[in-house]
Amino acid sequence: SLMTYYDQHICPYLVTFDGPSNPYRMHIIQLASQNEGLQNAIAALATNNMRMRKIESRKTGFIEEITEAFDGQDPTRPTAEESCYKQISIEQLNMQLTDPHAAQDDSVLATLLILCLFHVCDSGFSKFKTQLAGVQKLMSMRSPQTKSNFTAWVEMFFTWFDVMTSTVNDRETQIQVDSIDMLDFSANLGALEQFSGCDGRLFKLIARLGRLNLLSQGREVSSQAKSGETTPRATPMPKRPFRYPRSKRNTGMRSGPRSLIAADYAFIDGNGWGSPIIPEEGASESMLPEDPTRPAYDERKEFWAEWHDIRIRLQEWQMDVSTLPSPSNPTSTSAPTPDVPANMGPEQRDLVHISESFRHSALLYITRLAHPFLPSSAPEFQALASQALFHITALPVTSCVNKFLLWPLFITGTECVDEGHRNVIRQRCVEIQRESGFFNNISGLEVLERVWGDGCVGGVGGEVEMSARRRDSEGLMGRQAFRWRRAMDRVDGEYIVI
């Protein structure tokens, strides 16, 4: 049956460690036994997922080969059965929403959650902000005394979606930052590692990136409390515009992408980050990376205060190994790395590697915000991209967290200039699609292919790319750093990169 398919072939994909306590199984199936609308939503997701799993390249790794498989019969067209299940589910959901009492039933939230997953599976694209607003309204109708393990899990689910979606869709989170700070990301079924493989403390830093992106563009942000105010070591607001010291080095223009050499690492710290734009007191001006695109003065005081604080926290973050599950293979002989101790089992190592891939991708994200016009071939980007790819490729395709790699793959992939690195990104996206049947992995890859295929990488010293980056910012509100925004051709909703 379709319910059995959901139980056996979808639920295991949605969490890191599957088992009887999997909330997608424990909560959703139990609620569906008493609600026809939820049953139809699950049936729609199951039929959609079966169809999407058939979308498979005969060879390995290239989006053109996947596209060729669409010729003739288009597998992206829903079947009559699938459309019927979805339409009935929506009609029954709307009927419940018209009754204030019925609208507070847990099955309503469960149905919205499953329909959200349907869009991730079907296209990787949805009007998520509208869906989230509906969920928030429903949650506000409930008495605080009625909060349960189920509602806490639903809140965690939509917080995860909101944070990851905001980072790539030019917006800040819709869920208030103080609410994110209050969530316990390590509690029972709500552990963030179960949702995405990403450590909860690291997730709170990623939750600040969407807001930071808007600040970098000089755009207005909400007046909600800044997340840095709820944690120690917030950076004080500067009293004057930042002045960028001009580098005393004059190395000339480089000719296209090249491999890093030892001298490059004199300007990169242990996290692969170029020397800070705001130098530490007493730092030599000659230690700043060359950036001819940088202005002498910058009035974005709030942006740089947030940026500096996030950067420090990302650099200092380390996985708390005491929170990891006990190793299933403590005698593993895998070679240790500086980030992964030798005595860890496979599951523990994988959780460290995926969190490190998220961390280096987040560092890459804020690096691009700091240097919006530098070419991707610059050492600042290539060092971080290489480190992110190291942790990504350290995860076997059979890893329980391989399915959660799309966000690091997407953020890292946009800065990849080496064809071999791009092929790694392609192959992983296709492998995850084959494993899960969720099409958002392919829609994200299609955006990357458009970024890679615009022919802007190259030229003397990356001049072609720098010109293209300036062009991409023209006509946009503020200062757009990310080239994927131009490559995202859907404007009536959001790309779901999770």
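1. Residues are numbered from 1 along each chain as its sequence is written, and side-chain values use heavy atoms, with hydrogens and water left out.

2. The protein chain has a mean pLDDT (the predictor's confidence in each residue, from 0 to 100) of 78, with 70% of its residues at 70 or more. Over residues 225-289 the pLDDT stays under 50, and for this stretch the model has 140 contacts (heavy atoms within 4.5 Å) beyond four places in sequence. Residues 328-335 also have pLDDT below 50, with 10 contacts in the model beyond near neighbours in sequence. Where pLDDT is low, the predicted coordinates should not be read in detail.

3. Across the whole structure, a search finds 18 aromatic pairs. Rings of Phe, Tyr and Trp (its six-membered ring) pair if their centres lie within 6.5 Å, and planes under 30 degrees apart count as stacked, over 60 as edge-to-face and the rest as tilted. Phe125 and Tyr495 form an edge-to-face pair, because their ring centres are 5.4 Å apart and their planes stand at 80 degrees. This pair links distant parts of the chain, since Phe125 belongs to strand 1 (residues 125-126) and Tyr495 to strand 4 (residues 494-495), 370 residues apart. Strands (E, at least two residues) and helices (H or I, at least four) are DSSP runs, numbered from the N terminus. Phe125 and Tyr495 are both buried, where buried means under 20% relative accessible area, exposed over 50% and partly exposed in between (1.4 Å probe, protein chains only).

4. Trp304 and Trp307 are also edge-to-face, because their ring centres lie 5.0 Å apart with the planes at 80 degrees. They are three residues apart in helix 14 (residues 301-316), so about one helical turn separates them. Trp304 counts as buried because its relative accessibility is 1%, and Trp307 is buried at 0%.

5. One aromatic cluster is formed by Tyr24, Phe128, Phe150, Trp153, Phe157, Phe158, Trp160 and Phe161. Elsewhere, Arg368 lies over the face of Phe381, 3.9 Å from the ring centre; the criterion is that NZ of Lys or CZ of Arg is within 6 Å of the ring centre and within 35 degrees of the ring normal.

6. Leaving aside residues up to four places away in sequence, Asn48 touches Glu82, Phe118, Cys121 and Asp122.
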